[in-house]
Amino acid sequence: MNQKLVRFCSRLLLVIVCTLFITGIANQNVYGENRQKLVDDANLLSSSDKEHVEALLMKISEKNQHDIVIVTKESLRDEAGYTTEPLEYAKDYYYSNGYGYGQDQDGIILVIGMENRDYAVYPCGPNFVVYTDAGLDYIENQVIPSMTDGDYAKAFTDFANLCDQYVEKAKAGEPYDTGDLPKKDLTIIHLLVAIAIGAGVAAFGCFYMKSQLNTIHPKNNASDYVVKDSLMLSNSSDRFLYFITKKTPRPKSSSSGGHSSSGGHSGHF
């Protein structure tokens, strides 16, 4: 009886240990510990916009195993009431609130402080380069104007979608960098405006040049351009001799082929 009890307890203990071990491996940084990807304490978004942005951040973060976090605050002051440098605030907030995938807590955070209209973009802990300085510059150029205009829903949506593109590009081995940045898709309106401007410039140029030629009339032969009695030719003809072609080699750009990860950007909007 005692032997059966010992065997039962041993097997039960083994099952418990194995279950805890497997569960620990399965849950070890499979997803960011913090599931709240949008923290809008400054109330910059409407309820519907919050739902949309939160769902988008969650979807992209889970798909790429790369946390994308957006935090808005009334001010970036610490507990003692002192103003914190935006980049340091973003870094501390990310790590202290359990964001990030994998052992390196892979991800990126955008923090906004409305008191001084500060912002900071901080990429965190990837094993490979995702965000170069040139890449972050491009993200800022696309996102900050919308924030300045007060269109935070568009700014946050653009930020999430751009981060999605950056991670996919980096996983392919070629992160966005100088000379290789995302290209905007041309809309029909852009094409029509470009065609209209081009046609207008061409028409103006043609009319202008034509107006300058009103006093000029074509001559049928070269003798009309010779001063009378200044040249006497017994016989004349035109003969093509040769032509000259000059070639200039196109300069080739030199590159070391490497990419360096950015330590984050901050500023005002």
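**Talking through the model**

Author: Let us begin with Tyr99, which counts as buried because its relative accessibility is 1%, and please keep in mind that this is a predicted model.

Reader: Which ring does Tyr99 pair with, and how is that aromatic pair arranged?

Author: Tyr99 pairs with Tyr94 in a tilted arrangement, with 5.9 Å from centre to centre and 35 degrees between the planes. Tyr94 also counts as buried, since its relative accessibility is 0% and the cut-off is under 20%.

Reader: Which residues do ring pairs link into a cluster?

Author: The cluster consists of Tyr89, Tyr93, Tyr94, Tyr95 and Tyr99, linked by ring pairs, and the structure as a whole holds eight aromatic pairs.

Reader: What about Tyr131 and Tyr166, how far apart are their ring centres?

Author: Their centres are 5.8 Å apart and their planes lie at 25 degrees, so this pair is stacked. Tyr131 sits in the loop between strand 4 and helix 4 while Tyr166 belongs to helix 5, so the pair ties together parts that are 35 residues apart in sequence. Both of these tyrosines, Tyr131 and Tyr166, are buried.

Reader: Okay, new topic: how many residues are in the largest nonpolar core?

Author: That core has 36 residues, and those with the most contacts inside it are Tyr131, Met147, Phe156 and Phe159. Its largest share, 11 residues, is supplied by helix 5. There is also a second, separate core of 15 residues, and Tyr93 and Tyr99 are among them, as are Ala90 and Val111.

Reader: And what does Phe159 contact, if we leave aside neighbours within four places in sequence?

Author: Phe159 is then in contact with several residues, including Ile68, Val69, Ile70, Ile108, Leu110 and Val121, and also with Ile139 and Val143.

Reader: Jumping again, is His265 buried or exposed?

Author: His265, which lies in strand 5 (residues 265-268), counts as buried because its relative accessibility is 14%.

Reader: Which side chains does His265 join through polar contacts?

Author: The side chain of His265 makes a polar contact of 3.1 Å with that of Asp133, and another of 3.4 Å with that of Asp137. Beyond residues up to four places away in sequence, the residues that His265 touches also include Leu87, Tyr119 and Glu140.

Reader: Last one: what is the secondary structure of the protein chain overall?

Author: The protein chain comes to six helices and five strands, and 32% of its 269 residues count as buried.

Terms used. Residues numbered from 1 in each chain as written. Predicted model: local features only at pLDDT ≥ 70, side-chain atom pairs only at ≥ 80, totals over all residues. Heavy atoms only, no water. Core = buried A, V, L, I, M, F, W, Y, C linked by side-chain atoms within 4.5 Å. Buried < 20%, exposed > 50% of the residue type's maximum accessible area, 1.4 Å probe, protein only. Helix = DSSP H or I, 4+ residues; strand = E, 2+ residues; numbered from the N terminus. Contact = heavy atoms within 4.5 Å. Polar contact = N/O pair within 3.5 Å; in protein donor to acceptor, adjacent residues only side chain to side chain. Phe/Tyr/Trp six-rings, centres within 6.5 Å; stacked < 30°, edge-to-face > 60°.
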